[in-house]
Amino acid sequence: MDTCGSPPPVKRNRQSPTDDEDSVEIRAVLSHEYNEIALIKVHSCQLETKQQLQSVIQELSQKLPRFQHLKRVHDRNVLICPTSDVGGAESLEEHLQRYAFSAHVLRALCHQVKVVEVPARMPKLRVQYEQMIQHWPCKFHPNHYSESLRNGSNFSISQRIFHKRMGQLLTKLSTDVNKDRPVGICVDPRQPSIVSIAGASESSSADGHEHCSMLLVDFVARSQQGGALRSNLSFVEDQENTKTTLRGLPKAYYDYLKKNEAYQDLKFGAEISRKGQPQQQMSEAEHAQGADNLAKYGPYLCTGYDVYLLQEPCLMCSMAFVHSRAKRIFFLRPSDNGALVTRFQLHAVKELNHHYEVFQFTTDGSLT
Ligand SMILES: [Zn+2]
């Protein structure tokens, strides 16, 4: 069986959800580029005199324009080319002869040659920068938002409280409404307001259509007069002339929350999609801007929406959120076949035309 997050690892050592409240943290799942210190091997030479510097650098930057992220010269050592550029039986000198360097520059490049390890690319975070410059001086453009994702200061206090509350709600809904099976919640973060809730059904099976994330995407589509899956669930119906729609919410979850004292302050509903808006004419680039487009064009798939999942989604479900252009995905428990942390980092694949941010709720600090 290839369901999302089966079997859910059970963490029952906590007495109640409220006991978790202070210990739950939210960690941004950053791509490998934010964590690793990738180094490459490079041929370097040592200049005999400072006078050689100008002509050597001038010719190198014309003929072998490499290492834009690095200082090309450090302590009279000059970076020539990655060792991988020099093929098999070829010597460095033979390799360099192809580039028609002047005789004195070629001589300088072949003096005291050695292999050094240098950063493979520009660091994303200051902590990487500090480690990388131990190897070789490199450039660094500090990015405040990236730093805040790493140190957790990207959310305001009220946002953080809301995200954690959704994290706890996942556990609660799974236990109380969905027989411990996975659930997902989709939220319009502007109010914030719950757009849809979906739970994996008993028949969650190999064909994938019953994965809770696939259902969630479909239920969000219901809130936009769409939805392709047949469901025998009953959904909340809208009153006439409302400004928001509750059509994406199965009655079972909605009624449970409405009856529960602790959730009286939660808001529900999606903005009604604006008919006649040229959503289909939006360019790919505009789609990618997410939240801005939610305000500008109204709801379109999961554009600008946040998704909260009990289980890390599988590859199929993670792709569904790419296609539906979710803004952020928060999940509580890793899954054996998870595609955001466990097996892949789908959101770090550059070739995809949409990227969401990924956050994991952690309860024991061991996942950092
Ligand atoms: Zn799945």
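Q: Where is Arg325 found?
A: Arg325 is in the loop between H13 and strand S11 (328–333). Helices here are DSSP runs of H or I with at least four residues, strands are runs of E with at least two, and both are numbered from the N terminus.

Q: What should I know about the model and numbering?
A: This is a predicted model: local features need pLDDT of at least 70, side-chain atom pairs count only at pLDDT 80 or more, and totals for chains, interfaces and linings use all residues. Residues are numbered from 1 along each chain as its sequence is written.

Q: Back to Arg325. Buried or exposed?
A: Arg325 counts as buried because it has 22 C-beta neighbours inside 10 Å. The cut-offs: buried is 20 or more other C-beta atoms within 10 Å of a residue's own, exposed is 12 or fewer, partly exposed is in between, with C-beta atoms placed from the backbone.

Q: And what is the phi of Arg325?
A: Near 65 degrees, a positive value in a residue other than glycine. Most residues other than glycine have a negative phi.

Q: Asp75 has a positive phi too, near 55 degrees. Where does it lie?
A: Asp75 is in the loop between S3 and strand S4 (77–82). Asp75 counts as exposed, because it has 8 C-beta neighbours inside 10 Å.

Q: Which peptide bond is cis?
A: The one from Gln191 to Pro192, with omega near -10 degrees. Pro192 sits in the loop between S6 and S7.

Q: Change of topic. How many helices and strands in the protein?
A: There are 13 helices and twelve strands.

Q: What is the strand order in the sheet of six?
A: S1-S12-S11-S10-S6-S7, an open sheet with mixed pairing. Strands count as paired if DSSP finds at least two bridges between them. Strand S1 (25–28) and strand S7 (193–199) each have a single partner strand, so one side of each has no neighbour in the sheet.

Q: How do S6 and S10 run?
A: Antiparallel: four bridges join S6 (residues 183–188) to S10 (residues 306–311). Gly184 stands opposite Leu309 in S10.

Q: And the four-strand sheet, what order?
A: S3-S4-S2-S5, open, with antiparallel pairing. S2 (residues 39–46) and S5 pair over six bridges. Lys41 faces Glu117 in S5.

Q: Which residues of H9 are buried?
A: Eleven of the eleven residues in H9 (residues 212–222). Among them are Cys212, Asp218 and Arg222.

Q: What covers them?
A: The cover includes S6, S7, S10 and helix H13 (315–323).

Q: How many residues are in the largest nonpolar core?
A: It has 50 residues. A nonpolar core is a set of buried Ala, Val, Leu, Ile, Met, Phe, Trp, Tyr and Cys residues joined through C-beta atoms within 7 Å. H9 gives the largest share, eight residues. Apart from this core lies another, of 14 residues, including Val78 and Val118.

Q: What does Val307 contact?
A: Leaving aside neighbours within four places in sequence, the contacts of Val307 include Gly184, Leu216, Phe321 and Ile329. Contact means C-beta atoms, placed from the backbone, within 7 Å.

Q: Last one, H8. Which residues are exposed on the face turned away from its buried side?
A: Ile157, Ser158, Ile161 and Asp176. Buried residues of H8 include His163, Met166 and Leu170.

Note on methods. Two residues are in contact if their C-beta atoms, placed from the backbone, lie within 7 Å.
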